[in-house]
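Visitor: I would like to learn how to read a structure step by step. Could you show it to me and begin with the basic terms?

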Amino acid sequence: MSAHDSTLLRPRLLGRATVNVVVAISVLYTVLPGLWLVLAASKDRDALFSSDLLSLGDFSLAQNVRDLFAMDGGLYSRWYVNSLLYAVLGAALGALISVACGYAFDKYRFRHKEKLFGLVLAAVMVPQTVLALPLYLMASEVGVVNTFWAVFIPVLFNPFGVYLGRIFSQGYVPDEVLEAARMDGAGELVAYFRVALRMLGPGLVTVFLFQLTAIWNNFFLPMVMLSNQDLYPVSLGLYQWNSSASVSPEYYSVVITGSLLAVLPLILAFVLLQRFWRGGLTAGAVK
Amino acid sequence: MTATTQQPAPATAAPPTAPVAGLRARKAARRRRLAACGVLMTPFFALLVTVFLIPVGTAVYLSFFSDDQPGLGFGPERTVFVGLRSYAAVLTDPTFLGGLGTVTLYCLIYLPLMVGGALVLALLLDSGVVRLRAWAQLGLFLPHAVPGIIAALIWLYLYTPGISPIIDLFAKADITIDFLGVHTVVPSIVNIALWSNLGYNMVVFYAALQAVPREVIEASVVDGAGPVRTALQVKTPLVRASIVMVAIFTLIWALQLFTEPMLLNLSSPMISSRFSPSMYIYDAAFTRNNYSLAAAASVVLLLCTIALSYGVTRWTSRADAQEAR
C-alpha cells in the first residue's frame, strides 16, 4: 500500500461510520414503534397513561390478554378466526388462480394475448375505493351483502399475482420440461399440475404471502360490506373498538393488546416462509 | 432468468410419412393446448369480469344517472339520465377539491421521501460497509408485516398526548408539539405510510442492486470513481426500472389514501370525514347515500390515477430514450 492510501483512510473510516449511523437510526425508526406496542401491551392501563413504559414492575400481559378475550363476550376470538379464514383461504385460492393464469400467459400463444395482459396490468392500477360502491350494489342485488362471501370473493382477485406468475413461469419452468412431459404423453393440465406447479412452488409462496398480507390488511371492503360484528375481520373490529375508546377508555388497553396479537401471524408467516419469498421477491423485482 | 424461446411448430408424435395425418394431429394438439389454456385462465378472468370490469362499468353508468323522485318525492322512484350533472357537482364541491389538494400535498411530500429514502438505504446496505446487514434489513422490513390499520393505531397513540413517550420526551426539552395540528397533520400521515413501506421498497431496490453485474462496479472503481459516485452515477441508473415501478405503485397507493385519515378522523378535528377523495367517496355513498355523486367522484379519482401512471411511464421512457441518444 502506498502513502497515498493512508491519507484516504481517514475519510473512508469516517464514511463507514456515517453509513452505519444512518442505517442504525433508520432501523431504530422502524423498530421502536413496534417495541412500544409490545411494552404498551404488557402494561396495565394506569401505567399506559402515565407513559411509564420502562418500569418492569407491573407486568400484566397475561391479564391484558385475558381482558381482551373477555371483552364484549369474546368477540375478538371470532374476529381472529374470521381474519384467518379470509386471509389464509383467500390467499391460497387466490394465489393458485393467479399463478395458473400467469403460467398460461407465459406458455401458450393465442391472438390478442398481449392486449389481454395489458388489461390485467391495468387492473392493478384501479383503486379499491373506486370498486367498492359498485361491488356493494352488486352484492346487495345478489343478496350476499353482510355475508362471508361479500368479502371473500372480491379478495381472490389479484392481477399483480398474474404478472408475478408469468415472470416466475418464465424463470422457473423451462419450455423443454413441458415438451418432455408432452412427449411422455401427459395431457396439458396434467403437465401443469404434476410438473410445472411443483417448479413454481417458490413463486406460488411469494404470491400467497403478498395476498395474505393484503387480505389481512384489508379494511375498506369489510367496512363497506359488513354490518354484522360477528363477521368482522380483526382490522375492522379494532377500528370499531378504537372508536369506542374515546368514550370509554377501558377499550384503550384491549385495542393495544389486540393489535399486538393481530401482528403475530404475519410476522410468523414472513419468518417461516423467508426462504421462499426472498427468492421470489428478487425474481419479481429484477424484471 | 432464462428467456422464453418461442418454439416453432409443436413437435407432436405424428409420423412424418403421412403429412395429412400429421397436420391433423398438429391441429388436434393445438386445440388441446388452447383448451388447457382456457381452463387455466377461466377462474381468473371470471373474477376479472365480476369484481373488476362490471364494477368499473357500473361506476361509470351510475355517474351518468340519478334516482329522481318526481312529484315532491311521492311518485315512484325512477332512474333518469342526468348527463354530466354529477361530475359538475363533484368538481365544484369545495370539499372534494380540498381532498384532491390534500392528496396532492401528501403525494408531493410522500413520494420523494419514500423513493429517495428506500433507494438511499438500499445503496448503503449494498455498499458492503454496513455491519449486521441481515439484521438491519430484517428490522427495516418489519413494519411491512404490520397491517395498515394497526400501523395507524400505533402512531395514533404515539401522537396522543398523555400516552405518547415521544411527546413526553419533547416536553422534557420544553417543546410542545401537536402532531395532529393544522400544519402537522399531513406530515404525520406521511410518516405513518413511510414507516409502513420504507423497508419493503428498500428490499425491492436491494434485490435489483444485487443483480447489477459486479464487473460494472469494479470498472467504475478502476476508473477512479469513489463509493458515492459509483452509487449515484453507476448503480442508480442501472436500477431505473425498479425505481419507476416503485414510484408508480407508491403513487397509486397514495392516491387511495383512506385507512390512516379514517382512523385519525376520530381523534383530530383537522381531519374531516371528506379529508381525501376516497373518504369523500365513502361519505357520499354510505353516509349521504348519494350514489351518483360517489360514482362520479370514483371515476374522477380513477381518471387521475390513470393519467398520473401514464404520465410517469411516458416521462421515464422519454428520459430513457434521451439517455440512449
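Guide: Let us start with the word contact: two residues are in contact if their C-beta atoms, placed from the backbone, lie within 7 Å. Please keep in mind throughout that this is a predicted model. With that cut-off in hand, we can turn to chain A, where residues 24 or more positions apart account for 76% of the contacts with a separation of 6 or more.

Visitor: How many helices and strands are there in chain A, and what percentage of its residues is buried?

Guide: Chain A has 15 helices and 0 strands, and of its 287 residues 44% are buried. A residue is called buried if 20 or more other C-beta atoms lie within 10 Å of its own, and exposed if 12 or fewer do.

Visitor: How is chain B divided into domains?

Guide: In chain B, domain 1 covers residues 20-83 and domain 2 covers residues 95-324, and the centres of these two domains, taken over C-alpha atoms, are separated by 34 Å. Where they touch, 7 residues of domain 1 of chain B are in contact with 6 residues of domain 2 of chain B. On the domain 1 side, helix 1 (19-64) and strand 1 (65-68) of chain B each supply at least two residues, and helix 1 of chain B gives the most, with 4 residues. That side of domain 1 divides into 5 nonpolar, 2 polar and no charged residues.

Visitor: At what angle do helix 3 and helix 10 of chain B pack?

Guide: Helix 3 (residues 94-126) and helix 10 (residues 240-255) of chain B pack at an angle of about 150°, with their axes 10 Å apart, and helix 3 of chain B passes helix 10 of chain B in a right-handed crossing. Among the residues that meet there are Tyr106(B), Leu111(B) and Met114(B) from helix 3 of chain B, and Ile243(B), Val246(B) and Thr250(B) from helix 10 of chain B. By class, this contact has 15 nonpolar, 1 polar and no charged residues.

Visitor: Which residues have the most contacts inside the largest nonpolar core?

Guide: The largest nonpolar core has 165 residues, and those with the most contacts inside it are Ala122(B), Leu153(B), Phe205(B) and Ala297(B). Helix 7 (residues 185-210) of chain B gives the most to this core, with 16 residues. Domain 1 (20-83) and domain 2 (95-324) of chain B both give residues to this core, so the core lies between them. Leaving aside neighbours within four places in sequence, Leu153(B) is in contact with Leu238(A), Asn242(A), Val255(A), Ser259(A) and Leu263(B).

Visitor: Where does Asn289(B) lie, and is it buried or exposed?

Guide: Asn289(B) lies in the loop between helix 12 (277-287) and helix 13 (291-324) of chain B, and its phi is positive, about 55°, although Asn289(B) is not a glycine. Asn289(B) is exposed, because 10 other C-beta atoms lie within 10 Å. In chain A, Asn146(A) also has a positive phi, near 65°, and lies in the loop between helix 6 (128-142) and helix 7 (148-155) of chain A. Asn146(A) counts as partly exposed, because 14 C-beta neighbours are inside 10 Å.

Conventions:
Residues are numbered from 1 along each chain as its sequence is written. Chains are lettered from A and ligands numbered from 1 in the order in which they are written. This is a predicted model: local features need pLDDT of at least 70, side-chain atom pairs count only at pLDDT 80 or more; totals for chains, interfaces and linings use all residues. Domain bounds come from an automatic or database domain assignment. Ala, Val, Leu, Ile, Met, Phe, Trp, Tyr, Cys and Pro count as nonpolar, Asp, Glu, Lys and Arg as charged, and the others, Gly among them, as polar. Axes are lines fitted to C-alpha atoms, for helices over the stretch in contact, and angles run from 0 to 180 degrees between N-to-C directions. A crossing is left-handed if the near helix is turned anticlockwise from the far one by less than a right angle, and right-handed if clockwise. A nonpolar core is a set of buried Ala, Val, Leu, Ile, Met, Phe, Trp, Tyr and Cys residues joined through C-beta atoms within 7 Å.
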